[in-house]
There are 2 protein chains.
Amino acid sequence: MSDVAAYSVISPTRIPPHAPPAPGQLSAAARAPQKDGQRCTACSMRSICMPQGLTPAELQRIESFIYPSRTIKQGETIYRANDSFQSIYAVRAGSFKTVVMHRDGREQVTGFHLAGDSLGLDGVCSGRHSCDAMALEDSKVCIIPFHLLEAMCREVKVVQQHLHRMMGGEIVRESSQMMLLGTMSAEQRVATFLLNLSDRLRMRGYSPAEFHLRMTREEIGSYLGIKLETVSRMLSKFQRDGLVDTRGKDIRILDHEGLVNV
Amino acid sequence: MSDVAAYSVISPTRIPPHAPPAPGQLSAAARAPQKDGQRCTACSMRSICMPQGLTPAELQRIESFIYPSRTIKQGETIYRANDSFQSIYAVRAGSFKTVVMHRDGREQVTGFHLAGDSLGLDGVCSGRHSCDAMALEDSKVCIIPFHLLEAMCREVKVVQQHLHRMMGGEIVRESSQMMLLGTMSAEQRVATFLLNLSDRLRMRGYSPAEFHLRMTREEIGSYLGIKLETVSRMLSKFQRDGLVDTRGKDIRILDHEGLVNV
DNA sequence: CGAGTATTTGAGCAATTTCAAAGCGGGTGG
DNA sequence: CCACCCGCTTTGAAATTGCTCAAATACTCG
């Protein structure tokens, strides 16, 4: 199956890239933003995507230019490679994958993004996005126009530092993934993937031991640089070894230490 | 051979991390920085590491806090993983590799950095560097204290945008490398490596067709996620196929298109 | 409920690694 | 200035890992 074809099937209702004066719904909502329950102040992800120590006035200023909750259906993209870069996004609910495509059509999942994670910084350098960001389930994102964020960074040091830490974090995360792809066996890659996901869920207050994968074996394999059959075999092996209990997409980690030592 | 052991042999005179009031030489020089021929204005790498469109006053301000030329001998490190992050570095001459190490001792080359490239942004997120940066030959770097650069970013938009583009560029570069590591055959990896290096040399005004590798086959292999023997075999194969002429570390690209189509 | 996906598992195969040995190269100390 | 030595590189052969192809089974969403 061609992945290019798959895209057009999975994502028939691709969301167009948005210039600051966005059309329809968005623009209407943007004129009257902060509906209650959608304010950053009330957002459970706030500690992840916002800096600490803002004054109420600064907080209000940030809220004034964040569009606080756009819904993205499963399979839809927030942006695609080569779209003009205008905004970054904070995942408010749900999850996403980012996918880069090579000119020959080969593609690779470069990341999975959970609530609280940011998306879109790949567009900062060239002014165009370098990957597709697709929802793995029905999701919500906050939209943060980058030039307004940059303007605020020039005035508020903690906002600047927060942006720099986000970008720096992305750089470090990617080099860890390069190490995984460059040096680990298939078995270690899958173990690392599970542990990493478990950690991130724990940090968000979910159970680190039991969770539901929103992505397919193929997407996991792409992310890990192995084939989907290999992912499946490694999960089966972990099952036999009593490290995890897998039931399709439901995962239960039985032996955390065991996975670490794989 | 243990790479840990190798480090202490190769790099017996490791340069200590520098707090802003740096000791000895650096501090002395820092008090009287811009020796002639070391000013950014006169630097051939200026177009790569500095933004366009600065006023003379702004340029002078940047120059006032950049320490313009520290020499790093082959095998020495500018910083190492876990060193406190204070500054970023612009390679003024020579070349570097960055290396991340896993807790089990496995290590991976995450990048090769030529004159004009930046180094050190991996420390922005956590305040500590996440990799080692080691000179592949006797080299020179400019030292840019990050908190001063951040301060200037708050005042001068083009400086801010330049920093953001540098960080964004790092993110995009790393995702390309993830794609290479995740989807390409050994043959394609080596071809891509040669073409990439060729491009970067061309952009710096050097011959894109003939160059000297400053790194070993082992370092190339680590960067590409393959073994040194495989690198060697692929180079021999390209030689047989008339794509390149290899004589040890001297490379001549004979058929650029051929490499692209590997 | 049924079609189309997604997952699991097996068997054979291909690419890369591992292990081994020989050649080369250039830096250094005599 | 030359010879020697150590590290780097090349090459071969055997071993291994993960891939490909194939088929059966399990899910999930209309």
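A nonpolar core is understood here as a set of buried Ala, Val, Leu, Ile, Met, Phe, Trp, Tyr and Cys residues that are joined through side-chain atoms within 4.5 Å. The structure is a predicted model. In the largest nonpolar core, which has 66 residues, the members that touch the most others are Phe193(A), Leu194(A), Leu259(A), Phe193(B), Leu194(B) and Leu259(B). DNA strand C is surrounded by 16 residues, and DNA strand D by 15.

**Chain A overall**

- Chain A contains ten helices and eleven strands.
- Chain A has 262 residues, and 54% of them count as buried.
- Among the contacts in chain A with a separation of 6 or more, 74% are between residues 24 or more positions apart.
- Chain A has an accessible surface of about 11900 Å², and carbon and sulfur atoms hold 51% of this area.

**Nonpolar cores**

- In soluble globular proteins, nonpolar side chains tend to be buried together.
- With residues up to four places away in sequence set aside, Phe193(B) touches Phe112(B), Leu213(B), Met215(B), Ile220(B), Tyr223(B) and Leu224(B).

**The surface near DNA strand C**

- The closest residues to DNA strand C are Ser232(A), Ser236(A), Ala186(B), Thr230(B) and Arg233(B).
- Of the atoms of DNA strand C that come within 4 Å of the protein, 62% belong to sugar and phosphate.
- With five residues, α9(A) gives the most to the surface near DNA strand C.
- By residue class, the surface near DNA strand C has three nonpolar, six polar and seven charged residues.

**The surface near DNA strand D**

- The closest residues to DNA strand D are Ala186(A), Thr230(A), Arg217(B), Ser232(B) and Ser236(B).
- Sugar and phosphate make up 64% of the atoms of DNA strand D that come within 4 Å of the protein.
- An N or O atom in the side chain of Thr230(A) is 2.4 Å from a phosphate oxygen of DNA strand D.
- From chain B, a polar side-chain atom of Ser236(B) is 2.5 Å from a phosphate oxygen of DNA strand D, and a polar backbone atom of Arg217(B) is 2.8 Å from a phosphate oxygen of DNA strand D.
- At least two residues of this surface come from each of α9 (228–240) of chain A and α9 (228–240) of chain B.
- With five residues, α9(B) gives the most to the surface near DNA strand D.
- The surface near DNA strand D divides into three nonpolar, five polar and seven charged residues.

**Individual residues**

- Arg200(B) lies in helix α7 (residues 186–203) of chain B, and Arg200(B) counts as buried because its relative accessibility is 14%, under the 20% limit.
- A polar atom of the Arg200(B) side chain is 2.7 Å from the backbone oxygen of Phe112(B).
- Beyond its neighbours within four places in sequence, Arg200(B) is in contact with Phe112(B), His113(B), Leu114(B) and Asp117(B).
- Ser118(B) is located in strand β6 (residues 118–119) of chain B and is buried, with a relative accessible area of 16%.
- Not counting residues up to four places away in sequence, Ser118(B) touches Tyr89(B), Ala90(B), His113(B) and Met166(B).
- Asn196(A) lies in helix α7 (residues 186–203) of chain A and counts as partly exposed, at 30% relative accessibility.

Note on methods: Residues are numbered from 1 along each chain as its sequence is written. Chains are lettered from A and ligands numbered from 1 in the order in which they are written. This is a predicted model: local features need pLDDT of at least 70, side-chain atom pairs count only at pLDDT 80 or more; totals for chains, interfaces and linings use all residues. Side-chain values use heavy atoms; hydrogens and water are left out. Buried means under 20% relative accessible area, exposed over 50%, partly exposed in between (1.4 Å probe, protein chains only). Contact means heavy atoms within 4.5 Å. A residue is near a molecule or strand if one of its heavy atoms lies within 4 Å of it. A polar contact is a pair of N or O atoms within 3.5 Å; within protein, one must be able to donate a hydrogen and the other to accept it, and residues adjacent in sequence count only if both atoms are side-chain atoms. Helices (H or I, at least four residues) and strands (E, at least two) are DSSP runs, numbered from the N terminus. Ala, Val, Leu, Ile, Met, Phe, Trp, Tyr, Cys and Pro count as nonpolar, Asp, Glu, Lys and Arg as charged, and the others, Gly among them, as polar. Accessible areas come from the Shrake-Rupley method with a 1.4 Å probe; for residues, only the protein chains shown count as cover.
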